[in-house]
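Subject: Handing over the structure

Hello,

Here is the structure I promised to pass on to you. Have a look at it first, and then read on for what turned up.

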Amino acid sequence: VAVPGGSTFRADDDRAPDITGQLVFNTAKGRIAVSALLRDIRVDAGAPAAVDDRWGGALSVAGVIPTFGKDDFRFTASAGNAIGRYSDGFFPDGVLSADGQIQLPKQWGWFAAYRHYWFDQLRSNFVLSSASENNPAGAPDNTNKSTASAHANLIWSPVTNADLGIEYIYADRKTEDGLKGHLNRLQASAKYAF
């Protein structure tokens, strides 16, 4: 939870589990999943003094659609007001107002990816993603507001269960006070699946 002044804290005494559900549809055109989330966001703190909780939720649609040969198109779109921890902590679960009340920001995000096989042992992924949050009035200036990224990689599987890859990433980030940051990264990976 983001608190006035720009700091955050994580409660360690959750009273209710996150409730999730998913429907999966396997069709001749591909696999589609519809997911739902219901969460209790709670704060019970001495500094700042606050005791409050709110229930929030989210919906998500994801899919994998085969295209040509072994290629496929993948996507996810999510929206709600309790996505925080499910965005790898990029957004807070809630924002604590000056009067000690939890406010749940509206959050949404999506990604789209195309996986292309150049041949059986060599493939690439081309990925675009974006996520945004509509922070309530009084959110700390350093609270994340949005992010976007683009990825392109080349993955070689020289033997069964082994992958060697190289990937370029471009990303940007914007905070509530309008500050922006950009990332350019070239990374390599090696993986063996047992």
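Which residue lies over the face of Tyr117? That residue is Lys70, at 4.3 Å from the ring centre. Before going further, please keep in mind that this is a predicted model.

**Aromatic pairs**

Searching the whole structure gives three aromatic pairs. One of them joins Phe73 and Phe75, whose rings are stacked, with 6.0 Å from centre to centre and 25° between the planes. Phe73 itself is partly exposed, at a relative accessible area of 31%.

Phe90 and Phe91 form another pair, with ring centres 5.0 Å apart. Their planes stand at 80°, and because an angle over 60 degrees counts as edge-to-face, that is the class of this pair. The two partners are worth looking at one by one. Phe90 is partly exposed, with a relative accessible area of 24%. Phe91 has a relative accessibility of 5%, so it counts as buried, the cut-off being under 20%.

In soluble globular proteins, nonpolar side chains tend to be buried together. Here the largest nonpolar core is made up of nine residues: Val1, Val3, Ile41, Val43, Ala45, Ala50, Leu96, Ile102 and Leu104. Strand β2, which covers residues 30–46, gives the most to this core, namely three residues.

**The largest pocket**

The largest pocket holds about 670 Å³ of space. Its lining consists of 27 residues, and those nearest the centre of the pocket are Ile83, Tyr86, Ser87, Asp88 and Ala131. Sorted by class, the lining has 13 nonpolar, twelve polar and two charged residues.

Which strand gives the most to this lining? The answer is β7, with five residues. If you want to trace the lining strand by strand, at least two residues come from each of β2, β3 (49–66), β4 (72–80), β7 (106–119), β8 (122–134) and β9 (144–156).

**A glycine in a loop**

One last stop is Gly178, which you will find in the loop between β10 (162–175) and β11 (180–192). Gly178 is partly exposed, and its relative accessible area is 35%. Along the chain, Gly178 and Ala131 are 47 residues apart, and their C-alpha atoms are separated by 16 Å.

Enjoy exploring, and write back with any questions.

Best wishes

Methods: Residues numbered from 1 in each chain as written. Predicted model: local features only at pLDDT ≥ 70, side-chain atom pairs only at ≥ 80, totals over all residues. Heavy atoms only, no water. Phe/Tyr/Trp six-rings, centres within 6.5 Å; stacked < 30°, edge-to-face > 60°. Buried < 20%, exposed > 50% of the residue type's maximum accessible area, 1.4 Å probe, protein only. Lys NZ or Arg CZ within 6 Å of the ring centre and 35° of its normal. Core = buried A, V, L, I, M, F, W, Y, C linked by side-chain atoms within 4.5 Å. Helix = DSSP H or I, 4+ residues; strand = E, 2+ residues; numbered from the N terminus. 1 Å grid on protein atoms, 1.4 Å probe; cavity = no way out; pocket = protein on both sides within 12 Å on 5 of 7 lines; lining within 4 Å. Points joined across faces, edges and corners; volume = space filled by probe spheres on them. Nonpolar A, V, L, I, M, F, W, Y, C, P; charged D, E, K, R; others polar.
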